[in-house]
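The sequence and structure are shown first.

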Amino acid sequence: MKPFAFLILTLVTLAACGAATERYIVSSPQATQSQRIAFRAVEIRDVSLPAYAADDEIVRRTAEGKLVSDGVLWADTPDRAVALELSRHLAQITGARVASNPWPFEALPDARLDLRFETLVAGDDGNFRATGQYFVAVADGRRERSGVFDLSVPFDPEAGPAAVAAARGQVILDLAGNLARTALR
């Protein structure tokens, strides 16, 4: 092997070894509340996240509004993870059949829920914030509705990415409870 090719191969191998990245799983708290809703089956059709929140990197917002990352990653793609967390929490809270898109059942859902997040970010101020809009589509059109959400969960910014992941889990649980009380009644 030529010395130059060996050097390139060695550098690529070393770069691959040094590229190990930390990944964090969102440990969602258990839903303890119960809420009756107007639907037996709900599809979470779409979860639209801002580009920074849909990225694999965990970011936080500084006091100046700048988004920064320490190079750590979410364990799952955020849009998929948020949709799955919401469907699990809504099913636990409501007792309804809830699933994210694509709908896995033969019988169609009674309602479809779209979520469009404006923000989903941890702040250096110690608050994890989720804001946005929801839309409930119903086949008969009479019970369709929309609204906004603005939720915040405190966390310790000094505790690092694990605290951010725990806060995101809590804010998604809070959102599920909010949707059950307002959007799906």
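Predicted model: local features only at pLDDT ≥ 70, side-chain atom pairs only at ≥ 80, totals over all residues.

**Surroundings of Glu-85**

Glu-85 sits in helix α3; helices (H or I, at least four residues) and strands (E, at least two) are DSSP runs, numbered from the N terminus. The side chain of Glu-85 forms a salt bridge with that of Arg-168 at 2.9 Å, N to O, where a salt bridge is a side-chain nitrogen of Lys or Arg within 4 Å of a carboxyl oxygen of Asp or Glu. This pair connects distant parts of the chain, with Arg-168 in helix α4 and Glu-85 in helix α3 (residues 78–94), 83 residues apart. Both partners are buried. The side chains of Glu-85 and Ser-28 are also joined by a polar contact of 3.4 Å. A polar contact is a pair of N or O atoms within 3.5 Å; within protein, one must be able to donate a hydrogen and the other to accept it, and residues adjacent in sequence count only if both atoms are side-chain atoms. Leaving aside residues up to four places away in sequence, Glu-85 touches Val-26, Ser-28, Arg-168, Gly-169 and Ile-172, contact being heavy atoms within 4.5 Å.

**Salt bridges**

The structure holds nine salt bridges. Three of them are listed here.

| Pair | N to O distance |
|---|---|
| Arg-168 and Glu-85 | 2.9 Å |
| Arg-142 and Asp-140 | 3.2 Å |
| Arg-40 and Asp-110 | 3.6 Å |

Arg-40 lies in the loop between β1 (23–24) and β2 (41–48), and Asp-110 in the loop between β5 (97–100) and β6, so this pair too links distant parts of the chain, 70 residues apart. Arg-40 is exposed, with a relative accessible area of 67%, whereas Asp-110 is partly exposed at 22%. Arg-60, Asp-70 and Asp-124 are linked in a network of salt bridges.

**The cavity**

The structure holds one cavity of 30 Å³ or more, with about 90 Å³ of space in the largest cavity. On a 1 Å grid over the protein atoms alone, a cavity is a set of points where a 1.4 Å probe fits but cannot get out, and lining residues have an atom within 4 Å of a point. Grid points are joined across faces, edges and corners, and a volume is the space filled by probe spheres set on the points. The largest cavity is lined by 13 residues, and the closest to its centre are Ala-53, Val-59, Trp-74, Leu-120 and Phe-128. Two or more lining residues come from each of α2 (51–54), β3 (57–61), β6 (111–123) and α4 (161–182). The lining has 11 nonpolar, no polar and two charged residues. Here Ala, Val, Leu, Ile, Met, Phe, Trp, Tyr, Cys and Pro count as nonpolar, Asp, Glu, Lys and Arg as charged, and the others, Gly among them, as polar.

Conventions: Residues numbered from 1 in each chain as written. Heavy atoms only, no water. 1 Å grid on protein atoms, 1.4 Å probe; cavity = no way out; pocket = protein on both sides within 12 Å on 5 of 7 lines; lining within 4 Å. Buried < 20%, exposed > 50% of the residue type's maximum accessible area, 1.4 Å probe, protein only.
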